[in-house]
Amino acid sequence: MFVLISMVMLCASTLPEWKAAETLNQHRIMEAVCIGWFTVERTDQFLVSPDKCEFVRRPLNIIDLLAIMPYYISVIMTTLTGENGQLQRAGDTLRVLGIMRIFWVIKLARHFLGLQTLGLTLRRCYREMVMLLVFICVAMAIFSALAQLLEQGNQDYSSIPAASWWVIISMTTVGYGDMYPVTVAGRILGGFCVVSGIVLLALPITFIYHSFVQCYHELKVHSVRYTRRLSAEFVS
């Protein structure tokens with residue numbers, strides 16, 4: 001519940017309507033409550049953890065620390081120095097680090113089987129993911145170089161890095177339309193780019209899909225067994 005509240009408040013605080021003083025004060029109160037809850041939670045988990053070094057090294061705990069500490073530091077700095085000067089600019093940097101609270105949504109994975117399946121699939125299929133990334137990078141290097149060569153008079157393709165943006169949105173069939181070839185040769189190259197993107201993206205997807213189905217089945221069986229064991233212990 002606190003994760004959801006924190007995510008909603010973090011997203012809503014970026015709305016222009018939330019810049020009013022009354023609304024801003026309400027947001028600060030809710031932010032303080034959520035930060036206090038996560039602080040107590042992490043402190044309790046640290047105190048009862050049998051291996052505190054391992055607890056500190058966990059990625060999610062590091063994210064929690066980086067997300068919580070800027071709030072306390074900014075509060076202390078505001079209290080001691082006010083809202084002006086170089087320290088205020090440092091406080092802005094701390095608030096930027098505070099945006100890492102968005103990663104708290106990963107905490108919901110412990111309550112949803114789908115998110116657990118996604119995480120387990122990514123861990124098991126990291127080789128396929130790397131292979132997919134390599135395919136895209138190689139194709140992007142080739143097509144961006146050719147596009148820059150064929151579209152000499154087009155300012156959108158003034159460099160290979162600029163053409164890489166067109167290649168990546170074409171290979172993924174997004175096609176924003178902000179960049180497009182104007183020469184016949186460039187349009188033919190764009191067609192090959194789109195078709196090759198579909199083929200290259202489809203090659204590793206089959207392996208990832210089968211791994212996802214397998215992980216989902218394993219986690220579902222484990223969840224059922226765990227529920228039955230708890231029920232048996234409760235009855236006994």
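Two residues are taken to be in contact when they have heavy atoms within 4.5 Å of each other. The structure discussed here is a predicted model.

**Overall composition**

The protein contains nine helices and zero strands, and its pattern along the sequence reads α-α-α-α-α-α-α-α-α. Of its 236 residues, 29% are buried. The accessible surface amounts to about 15,700 Å², with carbon and sulfur atoms contributing 70% of that area. Where contacts link residues at least 6 apart in sequence, 65% of them join residues at least 24 apart.

**The pairing of α7 and α8**

Two packed helices are described by the angle between their axes and the distance between the axes. Helix α7 covers residues 126-150 and helix α8 covers residues 160-171; their axes come within 8 Å and cross at roughly 120°.

| Helix | Residues in the contact |
|---|---|
| α7 | I136, A139, M140, F143, S144, A145, A147, Q148 |
| α8 | I160, A163, S164, W166, V167, I168, M171 |

What is the division of the residues of this contact into nonpolar, polar and charged? Twelve are nonpolar, three are polar and none is charged. Among the residues that α7 brings to the contact are F143 and M140, while those of α8 include W166 and M171.

Note on methods:
Residues numbered from 1 in each chain as written. Predicted model: local features only at pLDDT ≥ 70, side-chain atom pairs only at ≥ 80, totals over all residues. Heavy atoms only, no water. Axes fitted to C-alpha atoms, helices over the stretch in contact; angles between N-to-C directions. Helix = DSSP H or I, 4+ residues; strand = E, 2+ residues; numbered from the N terminus. Nonpolar A, V, L, I, M, F, W, Y, C, P; charged D, E, K, R; others polar. Buried < 20%, exposed > 50% of the residue type's maximum accessible area, 1.4 Å probe, protein only. Areas by Shrake-Rupley, 256 points an atom, 1.4 Å probe, with all protein chains shown as cover.
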